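Please read these points with the model open beside you.

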Amino acid sequence: LELYALQALAHKSVGDYYTQRWQVFLIDEFQDTNPTQAELLETLTANTELTIVGDIKQSIYGFRRADISVFQQFRDRILHNGGKEVILSTSFRTHAGLITRLNQMFAPLLAENHQDLNAFRTETPITGDSGANFNYLQVLTIGDPLSEAGNKPPKPNKGQRQRVEAFTLAAKIKHMLDQQMPVFDKQTQQTRPIEPRDIAILTRTWKPLEVYSEALAAVGVPVAPAGGGNLLATREAKDAIALLRFLADPEDDIALVAVLRSPFFAVSDQILMQIASSLDRKTPGCWWDNLSSLELPELARPKATLQQLLKSRQREMPSRVLQHADRLTGYTAAIANLPGAERRLADWQGLRQLVKNLEQGTYDLFGVVRRLRRLCQEDVAVPRPVVAVSNAVALMTIYAAKGLEWGAVFIADL
């Protein structure tokens with residue numbers, strides 16, 4: 001798009017048209033401009049009034065060739081042509097107690113690109129003697145305790161450390177809420193006791209957020225991730241896709257095992273082990289063929305339900321088959337009682353809507369499964385439905401949180 005636009009502007013008639021079309025330009029987020037866009041703007045703004053707004057410290061689009069030197073070139077051009085520079089250094093978000101610490105921390109990190117900020121709000125949320133000594137910027141680490149002999153024990157794996165971190169943060173957040181720690185309310189311009197909606201946990205990627213969600217739910221703190229991540233990577237999507245795969249091909253043993261273990265039936269690993277042990281290795285056959293000969297009471301309901309669904313797949317659209325499966329198994333009732341229920345239910349509905357979209361033009365289950373498999377194989381990121389956050393702790397990535405504000409923020413999984 002950018003290259004062809006640049007080529008189009010090289011034609012005299014196109015260049016003349018746009019030279020007359022726009023006389024004043026205001027360009028925001030200029031720090032994310034790449035060299036091709038710079039050429040476009042050089043052509044379009046050669047004889048116009050130009051204002052650019054940006055901050056090179058916030059440049060995050062390097063993956064599509066954003067270059068902060070472009071910002072500096074345009075800044076120099078504006079100043080050379082008699083323009084002026086306005087430096088915005090007042091923070092309306094953060095109070096002086098925290099801004100001072102941030103300035104101290106970032107000055108050596110950013111070197112010549114550092115710019116000190118001034119706090120519009122001088123008062124701190126926690127007043128009095130406690131406020132003067134309160135650490136508004138804290139660093140928490142998960143350490144490795146020394147053994148009695150003085151030697152360090154083996155490091156726990158990342159998953160273990162993440163769970164320790166998650167439950168540590170959950171306990172800290174619960175304590176803040178129980179103690180009614182004061183936060184500044186922008187609407188009333190007064191301090192008030194902290195609420196869950198005043199708190200956010202931010203991470204670099206969406207993947208670890210489920211661990212923090214479970215830890216908060218375990219201590220009774222409401223939590224609602226606002227969305228993001230890949231719908232196809234969620235537990236609910238994998239459950240639904242496994243069911244559709246089995247219905248399309250009952251010889252797909254992996255899909256059947258996934259369905260049996262899922263909240264559709266919650267068959268235990270012990271029962272699955274009994275099924276595996278009973279299979280005659282000398283006589284080839286799939287799991288579904290062998291289930292009919294097993295008289296385990298735990299399998300009676302799954303067998304009857306799956307037989308019903310195999311019949312309904314012949315006359316119903318795939319999205320309706322999923323709805324029928326939910327009604328027969330109580331799937332959504334089961335996930336509604338798991339941690340992060342609101343998020344899980346939204347993902348289930350999102351997957352059903354995706355299936356409904358994929359079945360357009362082909363109401364054939366096999367066609368829909370083929371399309372789903374292709375999406376998964378090619379790592380296509382399907383956006384998850386957004387869950388509205390009411391009075392709950394927000395969980396999102398640092399990138400998604402850009403521009404939002406909270407009274408207390410935890411940067412986790414560092």
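**Notes on the predicted model**

1. Residues of helix 14 that are buried pack against helix 9, helix 13 (300–312), helix 15 (331–335), helix 16 and helix 17 (365–377). Contact here means heavy atoms within 4.5 Å, and buried means under 20% relative accessible area, with a 1.4 Å probe and protein chains only. Helices are DSSP runs of H or I, at least four residues, numbered from the N terminus.

2. This is a predicted model, in which local features need pLDDT of at least 70, side-chain atom pairs count only at pLDDT 80 or more, and totals for chains, interfaces and linings use all residues. Residues are numbered from 1 along each chain as its sequence is written, and side-chain values use heavy atoms, with hydrogens and water left out.

3. Helix 14 covers residues 318–329. Among its buried residues are Val321, Leu322, Ala325 and Thr329. Just after the helix, Gly330 has a positive phi of about 70°.

4. Asp252 sits in the loop between helix 9 and helix 10 (253–261). Is Asp252 buried or exposed? Asp252 is buried, at a relative accessible area of 12%. A polar atom of the Asp252 side chain lies 3.4 Å from the backbone nitrogen of Ile254.

5. The lining of the second largest pocket has 5 nonpolar, 5 polar and 10 charged residues; Asp, Glu, Lys and Arg count as charged, Ala, Val, Leu, Ile, Met, Phe, Trp, Tyr, Cys and Pro as nonpolar, and the others, Gly among them, as polar. Helix 8 gives the largest share of this lining, 4 residues.

Methods. Helix = DSSP H or I, 4+ residues; strand = E, 2+ residues; numbered from the N terminus. Expected span 1.5 Å × (residues − 1). Buried < 20%, exposed > 50% of the residue type's maximum accessible area, 1.4 Å probe, protein only. Polar contact = N/O pair within 3.5 Å; in protein donor to acceptor, adjacent residues only side chain to side chain.
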